Amino acid sequence: MNTENFSLSEHIVSSSYIQQGSQARRTHESLIRLLIEKGKCPEDGWEESTIELFLHELAIMDSNNFLGNCGVGEREGRVASNLVAQRHYRFMHGIGRSGDVAAIQPKAAGSSLMNKLTNSIVLDILRVAGVRTLSSCFVVPMATGMSLTLCFLALRPRRPKAKFIIWPRIDQKSCFKSMITAGFEPIVIENLLEGDELRTDLQTVEAKIQELGADNILCVHSTTSCFAPRVPDRLEELAKICSKYDIPHIVNNAYGVQSSKCMHLIQQGARVGRIDAFVQSLDKNFMVPVGGAIIAGFDDVFIKEISKSYPGRASASPSMDILITLLSLGVNGYKKLLKERKEMYTYLSNEMKRLSEAYGERLLETSHNPISLAMSLKRFHQYGDESVTQLGSMLFTRLVSGARVVPLGSKQTVNGYTFQGFMSHSNDYPCPYLNAASAVGMKKQDVDLFIKKLDKCLKSLRKERGNLRSENGTKTLEKSEDAGVCELSGSVHDESHQQHSEYLRPGLSLPP
C-alpha cells in the first residue's frame with residue numbers, strides 16, 4: 001500500500017498498529033530501493049517475503065497483468081493454466097525483443113527491469129568471484145553448449161574468411177558440438193601428459209595457427225573447468241598467443257565460477273593477453289534448474305553483439321531463477337558456499353586418497369584441477385577391462401550419481417570425428433580411473449556416503465573378480481547381481497538395465 005492508503009487505514013484500525021505495519025513495509029521497500037539504485041547483489045540475503053513482494057511489484061508492471069487490459073495481438077501473455085502462471089510469478093512476456101535478447105520489451109516493463117537488474121547482479125557476483133575487471137555480461141536461456149555456439153556465430157561477421165576453431169581437447173560432447181553446430185571445423189589439439197596431468201600443448205597450438213593462417217581461424221576455444229586428470233588450459237599463455245596473432249579467444253568456463261583458481265586464470269588471461277568472452281552454466285555454479293548460462297567478457301561492444309545475435313524473444317525463467325537465488329543468498333551467502341566447496345574438495349581428496357591406498361591404487365596428482373579428482377583403477381584393470389566398467393554400473397545402481405569410471409581404449413565418434421580413449425581426454429592415458437568432483441553445494445555427509453558406497457563396491461568387485469580368476473584362470477565375466485551390465489562394446493545383457501545403457505557404455509559419464 002502507498003502512504004495515502006496507510007493513512008486511510010488508520011480510520012479502521014488503531015493508528016499505532018497501522019504505523020507499525022507501514023514501517024515494516026518501508027523496510028522491505030528500502031532493500032528494493034537499494035537494489036535498484038546500486039544494481040549490486042545485496043551483502044546479506046533477503047527474506048522470501050521481500051523477494052516475493054519485489055517480484056509481485058515487477059509483475060504488475062507487465063501488460064498481461066494490467067486491470068482492464070485489452071490484448072488483440074498474437075502474443076499477449078495469455079496463459080491457460082493458473083499453476084503455470086503461479087510458477088512464473090505471472091511474468092509471461094519473456095525478455096528481449098526479436099532483434100536483441102537484452103532489449104527493452106514495451107509490453108513488459110517489469111520483465112525488462114527484472115532482466116536488467118539480473119544482469120547487473122550477475123556481473124557483480126562474477127567480479128566478487130574473481131574476475132574483477134569484467135565489464136559486461138548477460139544471462140541467456142540456453143545451456144553452456146548452445147551459448148558457446150552463439151559466441152562463435154557472433155564472431156563470424158568479424159572474421160568472414162575463418163572456418164577453423166583451435167580446440168585443446170576435452171572429452172565433453174556439448175563443447176565439441178557447439179563448434180560443429182556453428183558451422184566451423186574444430187582443430188583438435190591433443191594434450192600433453194605431465195606427471196598425471198593432461199595439459200595444454202602450447203607449441204602445437206601456435207604451430208597450427210602458423211600452418212592454417214590466422215585469418216582462417218575463427219578463435220581459440222579453451223577450457224577451465226574439466227574432469228581430472230585433464231586440468232584447466234594454460235589460459236595466460238593462450239591469451240598471449242591470441243593477442244600475438246590477433247585471434248579471438250572464447251573460454252568454456254562451464255562450472256568454473258565456483259573455483260577461485262579458474263576465475264583467477266580468466267582474470268590473468270585478460271590482463272596479459274586476449275579473452276573475448278567466457279561462458280558459464282547457471283545450474284552448475286548457482287544451483288538453479290538446468291537451462292541457462294552467463295556470457296561474459298571485457299568488451300561491451302562484443303558482448304552486445306552476441307546478445308543481438310540471439311533470434312527472437314527469450315524465456316525469462318533462467319533470469320528469474322538466478323535473480324531469486326542471488327537475492328536469497330546475498331554476497332555473503334554465496335561466499336560461504338564457495339568456502340564450503342573448497343573445504344569439501346580437501347576433505348574429498350583426503351578420503352579418496354585414503355581409500356585408494358587401501359586397495360593398492362592411488363589418487364592421481366592433479367593439483368592444477370581445483371574441482372575434479374581422479375583415482376586410479378590399475379589393479380582392477382588387471383582383472384579384465386570389464387571389471388572397470390562394471391564398477392560404474394555398481395555405483396549407479398547404488399544411487400551414486402556424478403561419478404565417472406573411465407576405462408582404457410574406449411573409442412567414440414562424435415559428429416564424424418573419432419576420439420581414441422574417449423572421456424580420458426587423451427589417445428592413450430596410462431591407466432583407467434574413477435572421477436569424483438567437489439562441486440558447490442556438496443556436504444560432508446555426501447562425501448562420507450560416497451566413500452562408504454565406493455568402499456563396498458571395490459571390496460565386492462575385488463572379491464568377485466579374485467574368485468573368478470582363481471577358479472577359472474580367465475577373465476570370463478559371469479552373471480551376478482552386478483555383472484553383465486556392460487562390456488567394452490557397450491552392449492547390455494541385463495534387460496532390467498536397458499534404460500541405463502546410454503550411461504553404462506565405457507567412457508560415458510553417469511547422469512548428474
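1. A salt bridge is defined here as a side-chain nitrogen of Lys or Arg within 4 Å of a carboxyl oxygen of Asp or Glu. By this criterion, K443 and E340 are joined through their side chains, with an N to O distance of 3.6 Å. The structure holds 20 salt bridges.

2. The model is predicted: local features need pLDDT of at least 70, side-chain atom pairs count only at pLDDT 80 or more, and totals for chains, interfaces and linings use all residues. Residues are numbered from 1 along each chain as its sequence is written, and side-chain values use heavy atoms, with hydrogens and water left out.

3. The pair K443 and E340 links distant parts of the chain, 103 residues apart. K443 lies in the loop between β14 (433-437) and α16 (444-472), while E340 belongs to helix α13. Helices (H or I, at least four residues) and strands (E, at least two) are DSSP runs, numbered from the N terminus. K443 is partly exposed, with a relative accessible area of 35%, and E340 is likewise partly exposed, at 23%. Buried denotes under 20% relative accessible area, exposed over 50%, and partly exposed in between (1.4 Å probe, protein chains only).

4. Because K339 and E343 are four residues apart in helix α13, about one helical turn separates them. K339 is exposed, with a relative accessible area of 54%, whereas E343 is partly exposed at 38%.

5. A further salt bridge joins E190 and R169 at 3.2 Å, N to O. E190 is in the loop between β3 (185-189) and β4 (192-194), and R169 in the loop between β2 (164-168) and α7 (173-181), 21 residues apart. E190 is partly exposed at 30% relative accessibility; R169, at 0%, is buried.

6. The largest nonpolar core has 93 residues, of which F54, L126, F152, I250, F286, I295 and I306 touch the most other members. Such a core is a set of buried Ala, Val, Leu, Ile, Met, Phe, Trp, Tyr and Cys residues joined through side-chain atoms within 4.5 Å. Its largest share, nine residues, comes from helix α13 (residues 317-358). Apart from this core lies another, of 28 residues, including M344, L363, V405 and L434.

7. F286 is in contact (heavy atoms within 4.5 Å) with I125, V257, S281, I294, I322, T325, L326 and Y334, residues up to four places away in sequence not being counted.
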